[in-house]
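Subject: Structure handover

Hello,

Here is the structure we talked about. Please open it and keep it beside you while you read the notes below.

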Amino acid sequence: LVGAGSYQWNRAEVQVKTSHARTFSAEAKASAGGFYDGHGTALEVALRGQYEPHLLTSREYQVADFHRSVGAFTAATVRLRVDYAASPRLTTTFFGQYDNESRRVAFNARARWTRA
């Protein structure tokens, strides 16, 4: 629980990205600093692939480690996404995610058809 009141903290963050215009791209972000009455660090990494002209994929990993006066926790999430365009009017998306808190894997699939 977070007690009632006003909180203010500072965080430092570093980001590195490559161009999304390339076949493969990557992104990394790291941050550290205050978190309510404690401190925390976070790391995010993403890898993307574009296979012209119809397929996009991405893999993401996030982990955050926080320490407060009442305890500590680590949150980790892994995501996978695949987008496929059979045509400009018919697209599909598949999304999968796992997180260490619920210890569940979740999947979502969507198809979009735009009539002429």
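Val78 lies in strand β5 (residues 71-87). Strands here are DSSP runs of E with at least two residues, numbered from the N terminus. Val78 is partly exposed, because its relative accessibility is 40%. The cut-offs are these: buried is under 20% relative accessible area, exposed is over 50%, and partly exposed is in between, with a 1.4 Å probe and protein chains only.

A word on the source: this is a predicted model, where local features need pLDDT of at least 70, side-chain atom pairs count only at pLDDT 80 or more, and totals for chains, interfaces and linings use all residues. Residues are numbered from 1 along each chain as its sequence is written, and side-chain values use heavy atoms, leaving out hydrogens and water.

Val78 also belongs to a nonpolar patch on the surface, with Leu43, Val45, Leu47, Tyr61, Tyr98, Val105 and Phe107. Together they have about 730 Å² of accessible area (Shrake-Rupley method, 1.4 Å probe, with only the protein chains shown as cover for residues). Patch residues have over 30% relative accessible area and no salt bridge, and nonpolar side chains (Val, Leu, Ile, Met, Phe, Trp, Tyr) are joined within 5 Å, like charges within 9 Å. A salt bridge puts a side-chain nitrogen of Lys or Arg within 4 Å of a carboxyl oxygen of Asp or Glu. β3 and β7 each supply at least two patch residues. The largest share, three residues, comes from β3.

Next, the strand pairs. Two strands pair if DSSP finds at least two bridges between them. β1 (residues 11-17) and β2 run antiparallel over seven bridges. Val16 has Ala28 in β2 as its bridge partner. Six residues separate β1 and β2 in their hairpin. β2 also runs antiparallel to β3 (residues 38-51), with twelve bridges. This hairpin has two residues between its strands, and Tyr36 in the turn has a positive phi of about 50°.

Now compare two residues. Ser31 sits in β2 (residues 24-35). Ser31 counts as buried because its relative accessibility is 15%. Its side chain makes a polar contact of 3.1 Å with that of Arg11 (N or O atoms within 3.5 Å, one able to donate a hydrogen and the other to accept it; sequence neighbours count only if both atoms are side-chain atoms).

Ala111 is in β7 (residues 104-113). Ala111 is exposed, because its relative accessible area is 62%. The C-alpha atoms of Ala111 and Ser31 are 36 Å apart.

Best wishes

Methods: Helices (H or I, at least four residues) and strands (E, at least two) are DSSP runs, numbered from the N terminus.
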